[in-house]
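Subject: Handing over the structure

Dear colleague,

I am passing this structure on to you, and I would be glad if you kept it open while you read the notes that follow it.

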Amino acid sequence: MGEAEVKPKKAGPVQCSICSQRRAALKRPKTLEQICRECFYAVFEEEIHRVVVDNQLFKPGERIAIGASGGKDSTVLAYVLSELNRRHNYGLDLFLLSVDEGITGYRDDSLETVKRNEIQYGLPLKVVSYKDLYGWTMDEIVKMIGLKNNCTFCGVFRRQALDRGAAMLKVDKLATGHNADDIAETVLLNILRGDIARLSRCTSIITGEDGPIPRCKPFKYTYEKEIVMYAYFKRLDYFSTECIYSPNAYRGFAREFIKDLERIRPRAILDIIRSGEKFRISTSAKMPEQGTCERCGYISSQKWCKACVLLEGLNRGLPKLGIGRTRGLNNGLECDTKQSNGVKNIQSKQCGTLDF
């Protein structure tokens with residue numbers, strides 16, 4: 001009779017590396033720890049709480065607008081901030097702030113998710129639209145310019161629209177759902193573009209402190225994968241469809257590169273952020289001086305802010321006017337619009353004024 005075959009024993013369920021009491025339900029992308037759901041919720045929320053406290057993001061009694069798109073990041077941010085505000089007695093008045101870019105089949109659907117979040121979390125919602133602010137929807141802009149530079153228009157208009165909505169709500173700060181992956185991508189993009197001005201501040205957890213409404217990023221060190229896991233396990237109601245106009249966005253290339261690095265070394269995302277924090281800009285580098293737009297009053301380092309330049313191009317049927325380098329462009333626009341008996345020939349809504 002031959003030797004009896006020894007069958008390998010089946011590995012038993014892996015226990016949570018934190019509590020050692022429950023079965024592990026996931027492996028944390030950031031640390032590769034195998035932990036249970038309950039411990040994941042606890043460490044996820046505690047890490048965000050520590051970021052809030054250590055960086056003094058909020059003060060008791062402040063009104064905080066949460067930039068809400070209906071996606072995973074902003075939905076989890078609204079949920080977690082609501083929970084932490086109650087649990088740790090931050091003393092904040094929280095609001096949801098959404099921007100309707102006017103993208104049929106995308107933003108109209110995601111706004112329905114935000115409206116459900118308004119009820120679920122008991123947070124007041126304010127929606128501002130490109131159509132009301134600028135006289136254009138993204139559908140109309142894309143119809144005119146095509147898909148090549150549409151993200152430039154949307155990014156510039158969206159940033160200003162959030163500030164305008166925050167001003168309407170009279171909030172003290174605007175919290176956005178930018179996560180660690182987003183910030184690492186931004187560091188790489190600014191290096192590739194040689195954008196020294198943005199590179200010097202892109203890792204700041206609070207930006208715009210010299211402006212009317214500062215912005216803060218509670219998810220600065222939170223991985224996108226962990227946000228997705230949290231939303232999934234908590235069964236949060238969020239919208240997961242990507243924007244139909246951004247399949248070829250330049251940021252997508254940086255995103256793929258970051259994902260490749262993460263597969264090789266999970267800490268790579270945090271390493272890039274830490275590197276960005278350590279950057280020191282030479283004192284001889286000439287930085288743009290911050291001022292205000294002569295047309296709408298928004299913060300700008302030029303006579304006209306980028307939104308006004310882009311909007312002027314749209315209104316004059318010259319959508320590429322504000323794309324690329326705009327040095328000297330404001331003067332040309334100013335001269336051209338002063339023709340016709342000294343009256344500015346502007347067809348649609350101006351960028352408007354910010355009432356701060």
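In which loop is the place of Lys-220? Keeping in mind that this is a predicted model, you will find Lys-220 in the loop between strand 8 (215-216) and helix 9 (224-234). Lys-220 has a relative accessible area of 5%, and because buried means under 20%, this residue counts as buried. Its side chain makes a polar contact with the side chain of Glu-277, at 2.6 Å. If you set aside the neighbours within four places in sequence, Lys-220 is in contact with His-178, Asn-179, Ala-180, Ile-183, Thr-203, Ile-205, Ile-273 and Glu-277.

Two packed helices are described by the angle between their axes and the distance between the axes, and both values are given here for two pairs.

The axes of helix 7 (residues 180-193) and helix 11 come within 9 Å and cross at roughly 55°, which makes helix 7 oblique to helix 11. The crossing in which helix 7 passes helix 11 is left-handed. On the side of helix 7, the residues that meet helix 11 are Ala-180, Asp-181, Ile-183, Ala-184, Val-187 and Leu-188, while helix 11 brings Ile-269, Ile-272, Ile-273 and Gly-276 to this contact. Sorted by class, the residues of the contact between helix 7 and helix 11 are eight nonpolar, one polar and one charged.

The second pair is helix 10 (residues 251-264) and helix 11 (residues 268-278), whose axes come within 8 Å and cross at roughly 120°, so that helix 10 is also oblique to helix 11. Here Ile-258, Leu-261 and Glu-262 of helix 10 meet Ala-268, Ile-269 and Ile-272 of helix 11, and the residues of this contact divide into five nonpolar, no polar and one charged.

Gln-56, in the loop between helix 1 (37-54) and strand 3 (63-67), has a phi near 50°, a positive value in a residue other than glycine. Is Gln-56 buried or exposed? With a relative accessible area of 63%, Gln-56 is exposed. Lys-170, which is found in the loop between helix 6 (150-169) and strand 6 (173-175), has a positive phi of about 55° although it is not a glycine. Lys-170 is exposed as well, with a relative accessible area of 65%.

Terms used:
Residues numbered from 1 in each chain as written. Predicted model: local features only at pLDDT ≥ 70, side-chain atom pairs only at ≥ 80, totals over all residues. Heavy atoms only, no water. Helix = DSSP H or I, 4+ residues; strand = E, 2+ residues; numbered from the N terminus. Buried < 20%, exposed > 50% of the residue type's maximum accessible area, 1.4 Å probe, protein only. Polar contact = N/O pair within 3.5 Å; in protein donor to acceptor, adjacent residues only side chain to side chain. Contact = heavy atoms within 4.5 Å. Axes fitted to C-alpha atoms, helices over the stretch in contact; angles between N-to-C directions. Parallel < 35°, antiparallel > 145°, perpendicular 65-115°, else oblique. Nonpolar A, V, L, I, M, F, W, Y, C, P; charged D, E, K, R; others polar. Left-handed = near helix turned anticlockwise from the far one by under 90°.
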